[in-house]
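Reader: I have a model open and want the terms behind its description spelled out. Please set each value against its definition.

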Amino acid sequence: MNILIRLPNWLGDVIMATFAIESLYKTYKDSNFFLVGSKVSIQIFKNHKNTTLIEDDSKDSKCRILKLYKIAKSIPRSDIAITFQNNFLSALFLSFNNAKIKIGYKNELRQFLLTHAKIKQKGIHEVFVYYDLVKDMVENIQPKLYLQNPNKPINLPQGKLAGINAGAAFGSAKRWEESYFAEVANYLLDNNYSILLFGSNNEINIANNIESMCKDKILNLAGQTTLEELITYISKLDLFITNDSGPMHIAAAFNIPSVAIFGPTNDRETFPFSQNSHIISLKTLGYKLECQPCKKRICPLKDLNYHSCMRDLKPKFIIEKIKSITKT
């Protein structure tokens, strides 16, 4: 049996889809899987057996639809094809493959391209939104994030390790203040933690600014890790402080004690899927703003309330949560 899966593009989203995807792997053990997605998303599954990974680089083509057609036709006709994306082109992609069973969300006039079009549920965690697409055709497994640790060889400082992720690829609205992260880092340094600072190539300046405000030396890894290395580093941490981001979901997959800082996003739908993760926001503190959650990439306010969901979330609140979960 051939199974085609169109993955979400964002790192956090693809990790939240692993419960659904692992359910397919466990149910259809001897099948051939064809996973199509962004360069980042397909790397999550590079160690899976019976799996062909295909990067969708159609955005860089002069004619995107033609490129999608060629990619779809390069894949053997699938018995089951599923798109976890919520757009027209992803359903068209399944149609191009001429898959026997085509499953996806029912919106944007996609239903005529699908054999099984489902209404996307609202108000529940994204883990279960993705799982809803496959639940009628898979065996029951434990609802968790299924992320393999590549165990890349890395060098780590001795003693307690705390990671800080100050970036968020979605946009600046999800990023906590750099000076606030530095204040938390200095608290951790005072309590004998070694600090690992993470960030993508686009977040090097953010990390450098935080490093410059730290009272002691930290390990600044921004722009220096592959995805495999990032996963391995995070899996070794004793504590993780992070914005709502892809690395937040990596930590949740390994049950790393975490403090996740939320502002403009909906914590009910995207909270870190782990009992060891703790959300901090103005909402959880009882000070929810009328504009939350706006879900905007950049704060749309231009007055004194600009980015209040993050600026009013002071470092003392995160430090208090750290004390409660680490007993420091």
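**Strands, helices and their labels**

Author: Six strands form an open sheet, in the order β9-β8-β7-β10-β11-β12, with parallel pairing. The edges are β9 (219-220) and β12 (277-280). This is a predicted model: local features need pLDDT of at least 70, side-chain atom pairs count only at pLDDT 80 or more, and totals for chains, interfaces and linings use all residues. Residues are numbered from 1 along each chain as its sequence is written, and side-chain values use heavy atoms, with hydrogens and water left out.

Reader: What makes β9 and β12 the edge strands?

Author: Each of β9 and β12 pairs on one side only. Two strands pair if DSSP finds at least two bridges between them. Strands are DSSP runs of E, at least two residues, and helices are runs of H or I, at least four, numbered from the N terminus.

Reader: How do you know that β10 and β11 pair?

Author: Four bridges join β10 (residues 239-243) to β11 (residues 258-261). The cut-off is at least two, so β10 and β11 pair, and they run parallel. Asparagine 243 has isoleucine 261 as its bridge partner in β11.

Reader: Which strands does β1 join by bridges?

Author: Five bridges join β1 to β2 (residues 32-37), running parallel. Arginine 6 stands opposite valine 36 in β2. Four bridges join β1 to β4 (residues 80-83), also parallel. There, isoleucine 3 has isoleucine 80 as its bridge partner. β4 in turn has three bridges to β5 (residues 101-105), again parallel. Alanine 81 stands opposite lysine 102 in β5.

Reader: Why is β1 called mostly covered?

Author: Five of the five residues of β1 (residues 2-6) are buried. Buried means under 20% relative accessible area (exposed is over 50%, partly exposed in between; 1.4 Å probe, protein chains only). Asn2, Leu4 and Arg6 lie on one side, Ile3 and Ile5 on the other, and all are buried. In a regular strand the side chains alternate between the two faces of the sheet. In β4, Ile80 and Ile82 point one way and Ala81 and Thr83 the other, all buried.

Reader: What about helix α10: covered or exposed?

Author: Mostly covered, with eight of the eight residues of α10 (246-253) buried. Among them are Pro247, Met248 and His249. Just after α10, asparagine 255 takes a positive phi of about 55°.

Reader: Why are α4 and α5 called oblique?

Author: Their axes come within 8 Å and cross at roughly 45°. Axes are lines fitted to C-alpha atoms, for helices over the stretch in contact, and angles run from 0 to 180 degrees between N-to-C directions. Under 35 degrees is roughly parallel, over 145 roughly antiparallel, 65 to 115 roughly perpendicular, and the rest oblique. So α4 and α5 are oblique to each other.

Reader: Which residues of α7 meet α8?

Author: Glu178, Phe181 and Ala182 in α7 meet Ile206, Asn209 and Ile210 in α8. Contact means heavy atoms within 4.5 Å. The crossing of α7 and α8 is right-handed. The axes of α7 (residues 178-190) and α8 (residues 204-212) come within 8 Å and cross at roughly 45°. That makes α7 oblique to α8.

How values were computed. A crossing is left-handed if the near helix is turned anticlockwise from the far one by less than a right angle, and right-handed if clockwise.
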